[in-house]
Structures are given as structure tokens and as C-alpha cells.
Amino acid sequence: MNGCVDTAQLNLRVTPLPIVNAGADLELCNQPIPVTLMPTPTGGKWSGATQVSETGIFTPKGLGTFKLTYTYTDPTTGCTNFDTMTVRVIAPDSLILPKDTAVCINTPALNLIAKPDGGKWSGSHTFITEAGVFSPAQAGKFVSVYSRGEGTCLRKDTITITVNGKAMSRSEER
């Protein structure tokens, strides 16, 4: 054999990719309420839709299904990996409440019915139950709030109930 022979030794270290989790898929309602995405590990960047910032703030801005990508680079190894998640943006429920109304003090309780059902009634007064039973025990104007849903799907609407004082009899009017 004629020629040169040489040998070299190369040590390689194979570093595993970082384990990246973008989080579970989400269903949000189309209301401009920012939602912070919670990937692991933190410190990566988000991409894939105009509704998401690089830091992971998603703000619904229209109906649809959006595929988001979370990319993370391990600062120790320099290795990069990614994961995806899907955000489905749906229309929030439309609430239908009774019209504002007026009643006399101490008349029978009113049962307020809102659609869709499943929400809760409240007010800055104590005359309404969560189920929507309003007891006109005091004269005045009372705003009652119907709330349904949670997070970006939370919807609220109000009704005003005017409770008139005791009606006067004809003999009291003179």
C-alpha cells in the first residue's frame, strides 16, 4: 500500500431535544378578553396567528380555528423544539332578559326568566336570589344582573325593577 494513512478521533455528545408542551387545546368566545397561554417550559416564543403575541397573550378577534406554535430553545444546550395547540374561537351566547318593569311594594315575588338558562342573578341589593326570584320589599329602583358563562364566554346583562311605594287609597288622597 502506498499512501498516507491517518486516524482521528471525534467525540460526539448527543443532547436530547427539550420537552416542550404548548398546553391543551382551548375553546374561547369571541370577546376581546386577553388570555395568557401557559406552556412549559417558559421562555419560548409563540407564532401562528395574529391573535397571539410572541409572549403568549391570545386575544380573540374573530371566529375560527387557529393553530398556534410554541417554540423553545434550551439556553444550556442550544437545542430547539416546538409544540402546537389549537384555539377555537366561537360566538358567545346572546342573553335574553325580561324587560325593565315596575311593581308595587310587597306584591308577590317576581320570577325572572332569562335565556339561555344556567346563569345566576345578582344585584347590589338583597331582593333577588341567584335563581332570579325578586321580592319587592322596599321602594326604589333596583338593578339586577344576569351572568352566564366564564372566562372569555362570560356574558352579563341587566334589568331595572322599579318598586313603587304603597298605593294610596281614595280616602288617603283627600
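# Notebook: side-chain contacts

I began by searching the whole structure for disulfides (pairs of cysteine sulfur atoms within 2.5 Å), and the search finds one. Before going on I noted that this is a predicted model, in which local features need pLDDT of at least 70, side-chain atom pairs count only at pLDDT 80 or more, and totals for chains, interfaces and linings use all residues. I also wrote down that residues are numbered from 1 along each chain as its sequence is written, and that side-chain values use heavy atoms, with hydrogens and water left out.

**Entry 1: the disulfide**

Which cysteines does the disulfide join? I found Cys 29 joined to Cys 153, with 1.9 Å from S to S. The torsion about their S-S bond is about 95 degrees, so I recorded the disulfide as right-handed. For positions I used helices (H or I, at least four residues) and strands (E, at least two), which are DSSP runs numbered from the N terminus. Cys 29 sits in strand E1 (residues 26-29), while Cys 153 sits in the loop between strand E11 (140-148) and strand E12 (155-164), so the pair ties together parts that are 124 residues apart in sequence.

Next I looked up accessibility, where buried means under 20% relative accessible area, exposed means over 50%, and partly exposed lies in between (1.4 Å probe, protein chains only). Cys 29 is buried at 3%, whereas Cys 153 is partly exposed at 23%. I checked two further cysteines as well: Cys 79 is buried, with a relative accessible area of 18%, and Cys 104 is partly exposed at 36%.

**Entry 2: aromatic pairs**

Here I counted rings of Phe, Tyr and Trp (its six-membered ring) as paired if their centres lie within 6.5 Å, with planes under 30 degrees apart called stacked, over 60 edge-to-face and the rest tilted. The whole structure holds six aromatic pairs. One of them is Trp 46 with Tyr 70, whose ring centres are 4.9 Å apart and whose planes stand at 45 degrees, so I noted the pair as tilted. This pair links distant parts of the chain, with Trp 46 in strand E3 (residues 45-47) and Tyr 70 in strand E5 (residues 64-73), 24 residues apart. Trp 46 is buried at 4% relative accessible area, and Tyr 70 is buried at 1%.

I then turned to Phe 127 and Phe 142, whose ring centres lie 5.0 Å apart with planes at 75 degrees, so the pair is edge-to-face. Phe 127 is in the loop between strand E9 (120-123) and strand E10 (133-134) and Phe 142 is in strand E11, so this pair ties together parts 15 residues apart in sequence. Both Phe 127 and Phe 142 are buried, and ring pairs link Phe 127, Phe 134 and Phe 142 into a cluster.

**Entry 3: salt bridges**

How many salt bridges are there? Taking a side-chain nitrogen of Lys or Arg within 4 Å of a carboxyl oxygen of Asp or Glu as the rule, I get four. Among them, Arg 88 meets Glu 27 at 2.3 Å, N to O. Arg 88 lies in strand E6 (residues 80-90) and Glu 27 in strand E1, so parts 61 residues apart in sequence are tied together. Arg 88 is partly exposed at 43%, and Glu 27 is partly exposed at 45%.

The side chains of Lys 45 and Glu 54 form another salt bridge, at 4.0 Å from N to O, and both of these residues are exposed.
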